[in-house]
Structure formats: C-alpha cells, structure tokens
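Here is a short report on one protein and its ligand. Look over the sequence and the fold before reading on.

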Amino acid sequence: MKVGILGTGDVGRTLGKAFVTLGHEVKLGAREATNEKAAAWAQETGPKASHGTFADAAAFGDLIVLSTHGAANDAVIKSIPAERLKGKLLIDTTNPLDFSKGKPPGLFVGHTDSGGEQVQRAAPAARVVKCWNIVGHTAMFRPEYAGGAPDMFICGNDGEAKKEVTQILRDFGWSEVTDLGGIESSRYLEPLCIVWVMYGFITGGWTHAFKLLKK
Ligand SMILES: NC(=O)c1ccc[n+]([C@@H]2O[C@H](COP(=O)([O-])OP(=O)(O)OC[C@H]3O[C@@H](n4cnc5c(N)ncnc54)[C@H](OP(=O)(O)O)[C@@H]3O)[C@@H](O)[C@H]2O)c1
C-alpha cells in the first residue's frame, strides 16, 4: 500500500516508520518540499520512504494519515487539491490543542463540534476516521504492556473505512479496537487526550495507555 503522511512531527515520523516496517511505501509531507526533518527521516528509513509537500504526500497515498498541529489542519487540507483526497481513507490522529493558557493545554473546539468534524468538513470527499489520538506516539506501533492489551477507540461516518482502520490497527498490534460511532464522537475522544496529557503531567510518565475492563 502507498501511504501519504501529512506531518513531520513525532506522530508522522513514528507512524511512517511503522508503515515502512510493515512493508508499505510512505511519503511524508510538510509545508516545504525541502523540510529537513522529513529529509532526514526518509534517509534513515530507507528506499520505501520519501518526502515532499503535503500535496505531494496526498497525491502519493492511497491511504492518508493526518498528523499535523491541530490548529493547522484547515490550512494543511486547503493546501491540497481536493481531488487528491477524494474517496481516500484519511486517518485523523490530531487533537485541537490550545496552548494559549499554558499547560496542560485545553481544546479550542468542543462539546458541540470537534477537530474530527472540522477535518471531515474540510475534506468532504475523504473518508475520515479518528484514531490514535488518545495515546502517545511511542505506543502507537506494537504497544506492549504488562497489564494487557490497551484499547483504541475510533470513530467516523464510513463503516467500510472503520473496518479498514481496524485491520490497520491489528497489523500495528492493537487487538482491542472499539468503534464509537460517527465522526461527532471526536467530541469525546479529543477531551480524552487531555486526560492522557494530565496523567502525564501529574505522574511525569508519558508511556501510559487506556484499558477498558470488562466483565
Ligand atoms: N505527539 C504525540 O505523542 C501525539 C499523540 C497523539 C496525538 N497527537 C496529535 O497528533 C498531531 C501531530 O502531533 P506531533 O507532535 O507529531 O506534531 P506537531 O508538532 O503537533 O505538528 C507537526 C506538523 O504540523 C505542521 N504545522 C505546524 N504548524 C503549521 C502551520 N501553521 N501550517 C501548516 N502546517 C503546520 C508541521 O509542518 P512542517 O512539517 O512544515 O513543519 C508539521 O508537519 C497533533 O495534532 C497532536 O495533538 C500527538
């Protein structure tokens, strides 16, 4: 599979390397085709890895992963010709974090709207699925915990897209995946990210993940 990753941060580079490890081809996108972080990542990740602009990565990928600064999502999607996203599965890993009032961050949208819904509105022809936003980047691939398999929650409007994401998650080592419904469930998944962040600030650890206990 060809994967276009929008974003050169920890999430984009981690997921990009993971897709390459699983045998896929990945193009990492940034604002500038000459982005140094992306160039270094491609160099160290090998022949299945390349880089370019956000629009280049979107054209390359059959699957698109959005892993940009949440407040930049709209600008990033606007920089991509719409036909490059049409019909494609777009995995939204982002959170609408607001750092203006210090740490921990808040959310700049919530309760009656969400970052996930904004992404789906910005890319109406893409099949957006929220995923991976509730865990740190170090746990996104092959999460291993002494306490058992952590849970991943996803949401999106397209049932087939969510099945595809569930299979990708299984390939990434996530055995516990729950579909929380339409993309509007991002209204609840995005605040859950803040719970994850606050636990990190309070304990000083950043490798935790959520586990749902069932009877
Ligand atoms: N870090 C984690 O462990 C983690 C875990 C779960 C979810 N998330 C979420 O995943 C997303 C990515 O997080 P991250 O830490 O990997 O990276 P990040 O630092 O939040 O974002 C980096 C990317 O955002 C782009 N960007 C920043 N400002 C921009 C602007 N004004 N216009 C266009 N693009 C802009 C950068 O473009 P350039 O490449 O051109 O600089 C870069 O590709 C975030 O929404 C975050 O909340 C993060």
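## A buried helix

A residue counts as buried if 20 or more other C-beta atoms lie within 10 Å of its own. By that rule, Gly115, Gly116, Glu117, Gln118, Val119 and Gln120 of helix H5 are buried in this predicted model. Helix H5 covers residues 115–122. Six of its eight residues are buried, so H5 is largely enclosed by the rest of the structure.

What do the buried residues of H5 pack against? Four strands are involved: S4 (63–66), S5 (89–92), S8 (127–130) and S9 (151–156). Helices H4 and H7 (186–203) also pack against them.

## Overall fold

The protein has seven helices and 10 strands. Its C-alpha trace spans about 45 × 35 × 35 Å along the principal axes. For 215 residues, a compact globule would have a radius of gyration near 17 Å; the protein has 16 Å, which agrees.

Of the 215 residues, 40% count as buried. Take the contacts with a separation of 6 or more: 73% of them join residues 24 or more positions apart.

## The nonpolar core

In soluble globular proteins, nonpolar side chains tend to be buried together. Here the largest nonpolar core has 50 residues. Those with the most contacts inside it are Ile5, Leu6, Ile64, Val65, Leu90, Ile91 and Val129.

Leu90 is one of these. Setting aside neighbours within four places in sequence, Leu90 is in contact with Ile64, Leu66, Leu85, Ala123, Ala126, Arg127 and Val128.

## Around the ligand

The ligand is surrounded by 23 residues. Gly9, Ala30, Arg31, Ala72 and Thr94 are the closest. Two elements give two or more residues to this shell: helix H1 (10–21) and helix H4 (73–78). H1 provides the largest share, three residues.

What is the make-up of the shell, by nonpolar, polar and charged residues? It divides into six nonpolar, 15 polar and two charged.

## Backbone details

The peptide bond from Lys103 to Pro104 is cis, with omega near -5°. Pro104 sits in the loop between strands S6 (97–98) and S7 (106–107).

His111 has a phi near 70°, a positive value in a residue other than glycine. It lies in the loop between S7 and H5. Trp132 also has a positive phi, about 70°, and is not a glycine. Trp132 is in the loop between S8 and S9.

Are these two residues buried or exposed? His111 is exposed, because 9 other C-beta atoms lie within 10 Å. Trp132 counts as buried, because it has 28 C-beta neighbours inside 10 Å.

Technical notes. Residues numbered from 1 in each chain as written. Predicted model: local features only at pLDDT ≥ 70, side-chain atom pairs only at ≥ 80, totals over all residues. Near = placed C-beta within 6 Å. Nonpolar A, V, L, I, M, F, W, Y, C, P; charged D, E, K, R; others polar. Core = buried A, V, L, I, M, F, W, Y, C linked by C-beta atoms within 7 Å. Buried ≥ 20, exposed ≤ 12 C-beta atoms within 10 Å, placed from the backbone. Contact = placed C-beta atoms within 7 Å. Rg over C-alpha atoms; globule rule 2.2 N^0.38 Å.
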